[in-house]
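Subject: Structure handover

Hello,

Here is the structure I said I would pass on. Please open it beside this email, and my notes follow below.

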Amino acid sequence: MKRRQFVQSVGAGSAVAGLGLASGCASTAGGGGAKVVVIGGGYAGATAAKYIRLFSEQSIQVTLIEPNAQFISCPISNLVLGGHKTMADITTPYDNLEKRHGVKLVRDMVASIDTEKRMVKLTSGGELPYDRLIVSPGVDFMYETLPGMAKPGAKEAVLHSWKAGPQTVALRKQLEAMPDGGVYALSIPLAPFRCPPGPYERACMIASYFKTAKPKSKVVVFDANDDIQSKKGLFMKAWKEHYDGMIEYRPKHKVVDVDAATKTMKFDFNEDFKADVLNVIPSMRAGDIALKSGLATANNRWCEVDFLTFESKAAKNVHVLGDSVQGAPAMPKSGHMANQHGKTCAAAVVSLLQGKEVPGMPIYANTCYSFVAADEAVHVASVHRYDAEKKTMLTVAGSGGISTAASELESRYALAWARNIWADTLA
């Protein structure tokens with residue numbers, strides 16, 4: 001496949017091959033009246049909700065529980081921090097899921113899951129029965145590893161901004177209020193974490209803002225890992241060419257505490273560091289409801305699943321998707337991957353509810369773009385196929401690849417990818 005064809009394919013979020021859905025899910029036999037409840041309207045959950053309706057020809061009832069009124073995309077949100085996009089640019093309403101596809105939207109949080117009775121209890125007091133449950137709560141943060149963040153006001157003063165939304169706006173305001181000549185400090189947790197190249201893109205975008213608005217300012221990146229986790233050569237080249245002397249990268253710096261009052265990071269083996277703006281990204285784990293429900297079976301942190309169906313290894317009739325999943329080898333926690341989880345799971349759930357054989361050879365793709373300047377981007381891509389013998393997803397030899405260099409054309413591909421996957425998930 002030529003690169004342009006590949007980018008167009010994965011950019012549309014449609015590279016879930018080998019599912020056998022054209023004829024297998026057209027029948028409504030056995031599926032009428034079945035109820036699926038989806039917890040979480042992110043890339044995985046919203047996609048699953050939409051595609052269960054599509055694959056079942058609207059014969060399966062789908063309820064999506066999501067506390068937010070609108071979908072806000074984490075991919076592209078770093079451009080908001082850099083002043084190159086607005087929150088409106090990365091926000092999409094959930095309306096079409098209901099109007100076009102008949103997904104019932106419930107704006108609420110989940111208090112508990114009763115897997116024996118197949119019942120979801122809402123914080124508002126309501127209850128929703130299900131035949132199949134999909135849990136897609138994204139990530140939550142291990143603040144217990146940073147004692148100082150438990151102090152009053154600390155979480156409001158020291159932001160992660162790793163969930164696009166109010167904290168994106170708040171961090172942008174902190175950057176705008178910072179004096180020229182000030183220091184912005186970013187800490188990166190040990191892998192795995194959501195969006196491996198995301199922190200390094202963030203350093204670029206904030207440096208791009210400083211370059212024009214606060215040229216005496218500096219970005220200092222503290223990485224708990226031994227090295228840059230994704231697109232290393234491309235990021236290092238961009239830092240040298242675009243932001244020489246403005247971005248300082250320090251690997252093997254694990255933050256163990258934060259003093260919000262003095263804006264100080266404390267490390268395990270290195271000296272404390274003070275900055276004008278602290279952006280601390282804590283270690284991550286599966287979302288709270290997954291942990292609370294006993295679905296996080298891998299070190300009480302991530303959720304193990306059967307990659308053919310995404311059914312939890314801890315609970316029958318419960319499927320877990322997206323960033324909460326204990327990934328297969330080389331499977332990133334990304335928006336595109338979550339979208340592919342959603343489609344694969346949707347196909348499996350429809351087959352299970354209709355008494356049909358689950359598709360046995362899912363193949364899906366991942367593409368992750370990163371902006372290194374306002375009008376330049378790079379990408380990494382991969383294709384993953386189910387291995388029946390190893391019962392996991394493995395990368396396809398010779399597939400995917402990485403940019404040879406940043407370019408303006410890649411930035412246009414990146415924005416097209418975003419528009420396409422938002423539409424694929426929500427339109």
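Which element gives the most to the lining of the second largest pocket? Before the answer, please note that this is a predicted model.

**The second largest pocket**

The element is β24, which gives 3 residues to the lining. The space in this pocket comes to about 440 Å³. Its lining is made up of 24 residues, and those closest to the centre are P196, A330, M331, P332 and K333. Two elements, β23 (363-373) and β24 (376-387), each give two or more residues to the lining. By residue kind, the lining of the second largest pocket has 15 nonpolar residues, 8 polar ones and 1 charged one.

Is A330 buried or exposed? A330 counts as exposed because its relative accessibility is 58%, and the cut-off for exposed is over 50%. Leaving out residues up to four places away in sequence, A330 touches H384 and T395. A330 can also be compared with K237: the two are 93 residues apart in sequence, and their C-alpha atoms are 24 Å apart in space.

**The cavity**

How many cavities of 30 Å³ or more does the structure hold? There is 1. The volume of the largest cavity is about 70 Å³. Its lining consists of G322, D323, V325, G327, M331, P332, K333, S334, M337, A338 and H341. Of these lining residues, 5 are nonpolar, 4 are polar and 2 are charged. M331, P332 and K333 are among the residues lining this cavity, and they are also among those closest to the centre of the second largest pocket.

**F307 and T344**

The largest nonpolar core has 130 residues, and the members that touch the most other members are V120 and F307. Which residues does F307 touch, if those up to four places away in sequence are not counted? They are V325, Q326, G327, A328, M331, T344, P362, Y364, Y386, K391, T392 and M393.

One of these contacts of F307 is T344, which is placed in helix α11 (residues 335-353). T344 has a relative accessibility of 2% and therefore counts as buried, as the cut-off for buried is under 20%. A polar atom of the T344 side chain lies 3.0 Å from the backbone oxygen of Q340.

**Backbone details to look at**

K391 is another of the residues that F307 touches. K391 lies in the loop between β24 and β25 (392-395). Its phi is near 55°, which is a positive value in a residue that is not glycine. K391 is exposed because its relative accessible area is 61%.

E57 also has a positive phi, of about 50°, and is not a glycine. You will find E57 in the loop between α3 (43-55) and β3 (61-65). Why does E57 count as partly exposed? The reason is its relative accessibility of 46%, since partly exposed covers the range between the buried limit of 20% and the exposed limit of 50%.

The peptide bond from A191 to P192 is cis, with omega near 10°. P192 belongs to the loop between β12 (183-188) and α8 (198-213).

Regards

Terms used:
Residues are numbered from 1 along each chain as its sequence is written. This is a predicted model: local features need pLDDT of at least 70, side-chain atom pairs count only at pLDDT 80 or more; totals for chains, interfaces and linings use all residues. Side-chain values use heavy atoms; hydrogens and water are left out. Helices (H or I, at least four residues) and strands (E, at least two) are DSSP runs, numbered from the N terminus. Buried means under 20% relative accessible area, exposed over 50%, partly exposed in between (1.4 Å probe, protein chains only). A polar contact is a pair of N or O atoms within 3.5 Å; within protein, one must be able to donate a hydrogen and the other to accept it, and residues adjacent in sequence count only if both atoms are side-chain atoms. A nonpolar core is a set of buried Ala, Val, Leu, Ile, Met, Phe, Trp, Tyr and Cys residues joined through side-chain atoms within 4.5 Å. Contact means heavy atoms within 4.5 Å. On a 1 Å grid over the protein atoms alone, a cavity is a set of points where a 1.4 Å probe fits but cannot get out, and a pocket is an open set with protein on both sides within 12 Å along at least five of seven lines; lining residues have an atom within 4 Å of a point. Grid points are joined across faces, edges and corners, and a volume is the space filled by probe spheres set on the points. Ala, Val, Leu, Ile, Met, Phe, Trp, Tyr, Cys and Pro count as nonpolar, Asp, Glu, Lys and Arg as charged, and the others, Gly among them, as polar.
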